[in-house]
Amino acid sequence: MAIMAARILIVDDDPHIRELLAFALAKAGYDCREAGDGEAALAAAAREAPDLLVLDINMPRLDGLEVCRRLRAASEVPILFLSSRDDEVDRIVGIEIGADDYVVKPFSPREVVARVGAILKRSRAKAPAGAPAPAAHGRLRLDREGWAALVGEMDAGLTATEFQLLAILAASPARVFTRDEIIDRLHGPGFAVTDRTIDSHIRHIRRKLAALGLEDAIETRAGIGYRLGPCGAR
């Protein structure tokens, strides 16, 4: 079920795609806004304060990657990329700079609606009443109520997807998680996300934490997957 009244900004230079997505998302209970190019998207994001952007990568004036970069300089608004089949590199770059997920064209409107719902659920989830104090491992603390990964008092600024991935690893710090296990825990069994997308999220988390002086947050186990590192523990 959609999160009622969530505002979605649909950004694509093809009016037919915008119309198709707006119809499907509105039918699911979302409040939709539209923009036809990158510059219009930035203006609409500032004006409309959307809860999520559905953002095409290939657009005139400003492409989706540049729009994402500019938004990420000041906002953690969730972003779902629309991507053509022949621009895999752009999709990976999009994840690297802060997109939460992507859908490949041609797509099913039902898939877009499902992914929008999953992203919003992650970004708006709240810890239950009486939740424990922030989990700590080495110098890393996870504030589950505030969805913040902290090194000292500094927040790494993770997206909802990045925070949830790190929380999965932190819940069992001695365990090595395969990429498939991470995908299942993030999205549920059968959700179509590639291993490379998980790798990109991991690189993004590492880079943000390393910028705060925590360079050993996640360990790679070759041929298996990932586990939480010592996180600067002495």
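This is a predicted model: local features need pLDDT of at least 70, side-chain atom pairs count only at pLDDT 80 or more; totals for chains, interfaces and linings use all residues.
Residues are numbered from 1 along each chain as its sequence is written, and side-chain values use heavy atoms, with hydrogens and water left out.

**The sheet**

I then looked up the pairing around that bridge and found that strand E4 (residues 79-83) and E5 run in the parallel sense over four bridges; strands count as paired if DSSP finds at least two bridges between them. Helices (H or I, at least four residues) and strands (E, at least two) are DSSP runs, numbered from the N terminus. The five strands form an open sheet in the order E2-E1-E3-E4-E5, with parallel pairing. At its edges I found strand E2 (31-35) and strand E5 (101-104), each of which pairs on one side only. From one strand to the next, the twist averages 20°; for such angles, axes are lines fitted to C-alpha atoms, for helices over the stretch in contact, and the angles run from 0 to 180 degrees between N-to-C directions.

Which strands does helix H1 touch? Helix H1 (residues 15-27) packs on the sheet against strand E1 (7-11), E2, strand E3 (52-56) and E4, and its direction makes about 170° with that of E2. Contact here means heavy atoms within 4.5 Å. Helix H3 (residues 64-72) also packs on the sheet, where it touches E3 and E4, with its direction at about 170° to that of E4.

**Thr 197**

Apart from neighbours within four places in sequence, Thr 197 is in contact with Ile 95 and Tyr 102. Its side chain makes a polar contact of 3.4 Å with the side chain of Tyr 102; such a contact is a pair of N or O atoms within 3.5 Å, and within protein one must be able to donate a hydrogen and the other to accept it, while residues adjacent in sequence count only if both atoms are side-chain atoms. I record Thr 197 as buried because its relative accessible area is 2%, the classes being buried under 20%, exposed over 50% and partly exposed in between (1.4 Å probe, protein chains only).

Is Glu 162 buried or exposed? I found a relative accessible area of 0%, so Glu 162 is buried. Glu 162 sits in helix H6 (residues 160-171) and, not counting residues up to four places away in sequence, touches His 201, His 204, Ile 205 and Lys 208. The side chains of Glu 162 and Lys 208 make a polar contact at 2.8 Å.

A search of the whole structure for aromatic pairs gave one. Trp 147 and Phe 163 form this pair, which is tilted, with 5.2 Å centre to centre and 40° between the planes; rings of Phe, Tyr and Trp (its six-membered ring) pair if their centres lie within 6.5 Å, and planes under 30 degrees apart count as stacked, over 60 as edge-to-face and the rest as tilted. Trp 147 lies in the loop between strand E7 (140-143) and strand E8 (148-151), and Phe 163 in helix H6, 16 residues apart. Phe 163 is buried, because its relative accessible area is 3%.
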